[in-house]
Amino acid sequence: MSEINITWPDNSRGTFPGGTTIKDAIGSWKPDVLSSTVAAKVDGSPVDLGVRLEKDAVVEPIDVATKEGLGILRHSTSHVMAQAVQDTFPGAKVTIGPSIEEGFYYDFECETTFTPEDLQKIEKRMQEITATDSTFSRREISREEAVALFKEKGESYKVELINDLPPDVETVSLYSQGGYVDLCRGPHLPSTQMIKAFTLLKVAGAYWRGDEHNKMLQRIYGTCFATQEALDDYLRMIEEAKKRDHRRLGRELDLFQLNDEAGPGLIIFHPKGMMLRYIIEEWERKEHLKRGYDMVMGPQILKVDLWKRSGHFDHYRENMYFTEVDEQGYGIKPMNCLAHMLIYKSKIRSYRDLPLRYFELGTVHRHEKTGVLHGLLRARQFTQDDAHILCTPDQLNSEILAIADFVAYAMKIFGFEYEVELSTRPENSIGSDADWDLATSALEGALKDSRMVYEINEGDGAFYGPKIDFKIKDALKRKWQCATIQCDFTLPERFDLSYIGSDGEKHRPVMLHRVILGAIERFMGVLIEHHAGAFPVWLSPVQASILTVTEKHIPHGEKVYQQLLDAGVRVEKSFSNEKLGYKIREAQMQKTPYMLVIGDREMAEDAVSPRQRDGNNLGSMSVTDFINIIQERNRNYQ
RNA sequence: GCCGAUGUAGCUCAGCUGGUAGAGCAGCUGAUUCGUAAUCAGCAGGUCAGCGGUUCAAAUCCGCUCAUCGGCUCCA
């Protein structure tokens, strides 16, 4: 019998008889590793532990604790769930069931709708299956055989999946465990017994193949971890994250409300929410002016004819609100670009004027579908920190780089990590292929020049041009688009924008649409969750609260209040007839950064004693010293 | 828009198989004058989301509508 050489990750080598399974090989290399190994990479490709090694190879065990290993564990768990669903609900058809970032799901078509009690039943059945030590076994069959097999089982979705494989695919792989067979690429766990800590989380609707024209399936979400402790930690983390929900904190901290009577998706800012917004907006104005932008402002409604000319009427109408006055139709703006173009067109422009950067904190209305509204993160009226840059094609690259730089700076100031995506031409779009290519390569070129890591999002661009999106995450790690840079050759064309070049001829400028924070509302929503409502001092709507110990300290409290107000500190009085402990608790729950205690001692010394919200007591200090602390933090964005 | 769940006082929630609503916190009034996360007592708060139906009787059962929540699709 021939022998093979295996190279392990630590570069040690072992010699085994040909045909040894990976499992046996690992078992003899390091037996203790085997119990947490879900699969292995052979020469870089992930495969099952049951695979027999026939030639020399580099073998790397995949541990369940790694991201990849956890993915395999979860994927196998989704197969077990599919089995449990079909055992519990005969006639349920399976579709697809991948592992995802925080767990797994499987989509089913089933006559009966799954209730939360049904999830318990399914989970119970899964426990029975995972207790039995069924092996996951792989086999490959021809696609014809596979089609016949799944047809016979009545699994029409699997048949569709196989039929849609590229023509050069001749065989497909099947995995089975405990009599349940599924079409799958693998790899999978060696046995169901490795599945120890899982739970089903929720049922939701999901369209077959993510297309809303298709049938809606029932998706069951679940998650699975290597150990019960890890699962418990995860569930606890989810509970903690719910406490950071901006909608909850919005009420608790009295920042804003969403009110049925006003209308869904319409935000009403309360004094503290408006203060936070004001601070952000002032920061925006200052930073834009520093970067050579001009502030402008357009009207809320513009004649319908203008929206027809821009293409919005044909491509965006279902998201727009309309009104009619004096038999004249108006569209309420869903975007700010039209007025900016009219500003550009108000006189003849020279190449010497370019780039022109028009900035507007532009409030827009979009008729979002009811099911997508989500507090501040998805509203029907919101304000974008919008700008339109009109430049020559030569200036495109440096302008895009400058915007990317601005975004990076903003994210640093506000403390966010972000992900970058390049979105390309969608189906419902306007403009020539040549312009789209030019625009797309301009964006991609800038991304490469700035060495940003990015993903490509095919067909996800705006109807008038491709875009770079920057996404940040909320408390539950859901991604929200904030900054975006969109490159547009089409609107300048439609509005016949031009500039006179150095050659004395007319040329067409390029337009960049861009936002930095995105929508102020959405950004605030993510910001609230990011800080769990405990904003850094520079952003806190109330920076300090003055807490008197007894009634007789009120006059000194008033004096301090006035001094702080004069110095521009955002300060609040807590002079009520309550015990100090009560007032501290109140301020603490409002997450006020500083509580200034005023009692006999402070009165005698003409001082304040700041207590930080982390519980740290700074001791007695003069009001001036305290003002310096606040101003220092304002300056440094802390 | 689609699938599912939910909707009781300002907030968090009780209210079983139908017999016309209850707690804690918040609020108000009074007492207390107090030193780093809740002082005590009293009072007041509800068209049980809305509309319609079944019933002698509906917060409770049924239907429709609206809104919210979790997903899907879409999006800043």
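Q: How many nonpolar, polar and charged residues does the surface near RNA strand B have, by class?
A: A note on the model first: it is predicted, local features need pLDDT of at least 70, side-chain atom pairs count only at pLDDT 80 or more, totals for chains, interfaces and linings use all residues, and side-chain values use heavy atoms, leaving out hydrogens and water. Residues are numbered from 1 along each chain as its sequence is written, while chains are lettered from A and ligands numbered from 1 in the order in which they are written. A residue is near a strand if one of its heavy atoms lies within 4 Å of it; Ala, Val, Leu, Ile, Met, Phe, Trp, Tyr, Cys and Pro count as nonpolar, Asp, Glu, Lys and Arg as charged, and the others, Gly among them, as polar. By class, the surface near RNA strand B has 18 nonpolar, 14 polar and 22 charged residues.

Q: What share of the atoms of RNA strand B that come within 4 Å of the protein do sugar and phosphate account for?
A: RNA strand B is surrounded by 54 residues, and the closest are Tyr207, Arg378, Gln481, Asn577 and Arg585. Among the atoms of RNA strand B that come within 4 Å of the protein, the share of sugar and phosphate is 51%.

Q: Which part of RNA strand B lies 3.0 Å from a backbone N or O atom of arginine 601?
A: A polar side-chain atom of tyrosine 221 lies 3.1 Å from a sugar or linking oxygen of RNA strand B, and one of histidine 374 lies 3.5 Å from a phosphate oxygen. For arginine 601, a backbone N or O atom lies 3.0 Å from a base oxygen.

Q: Is serine 76 buried or exposed?
A: Serine 76 is found in helix 3 (residues 67–88); helices (H or I, at least four residues) and strands (E, at least two) are DSSP runs numbered from the N terminus. Buried means under 20% relative accessible area, exposed over 50% and partly exposed in between, with a 1.4 Å probe and protein chains only. At 0% relative accessibility, serine 76 therefore counts as buried.

Q: With which side chain does the side chain of serine 76 make a polar contact?
A: Leaving aside neighbours within four places in sequence, serine 76 is in contact (heavy atoms within 4.5 Å) with Phe136, His188, Leu189 and Ile195. A polar contact is a pair of N or O atoms within 3.5 Å; within protein, one must be able to donate a hydrogen and the other to accept it, and residues adjacent in sequence count only if both atoms are side-chain atoms. At 2.7 Å, the side-chain partner of serine 76 is histidine 188.

Q: What is the bridge partner of leucine 390 in strand 31?
A: Two strands pair if DSSP finds at least two bridges between them. An open sheet of mixed pairing has 8 strands in the order 18-23-24-31-28-27-25-26, with strand 18 (294–295) and strand 26 (454–457) at the edges. Strand 24 and strand 31 (residues 510–519) pair in the antiparallel sense over 7 bridges. In strand 31, the bridge partner of leucine 390 is methionine 511.

Q: How many of the 8 residues of helix 12 are buried?
A: The buried residues of helix 12 (residues 337–344) are Cys337, Leu338, Ala339, His340, Met341 and Tyr344. Helix 12 is largely enclosed by the rest of the structure, because the number of its 8 residues that are buried is 6.
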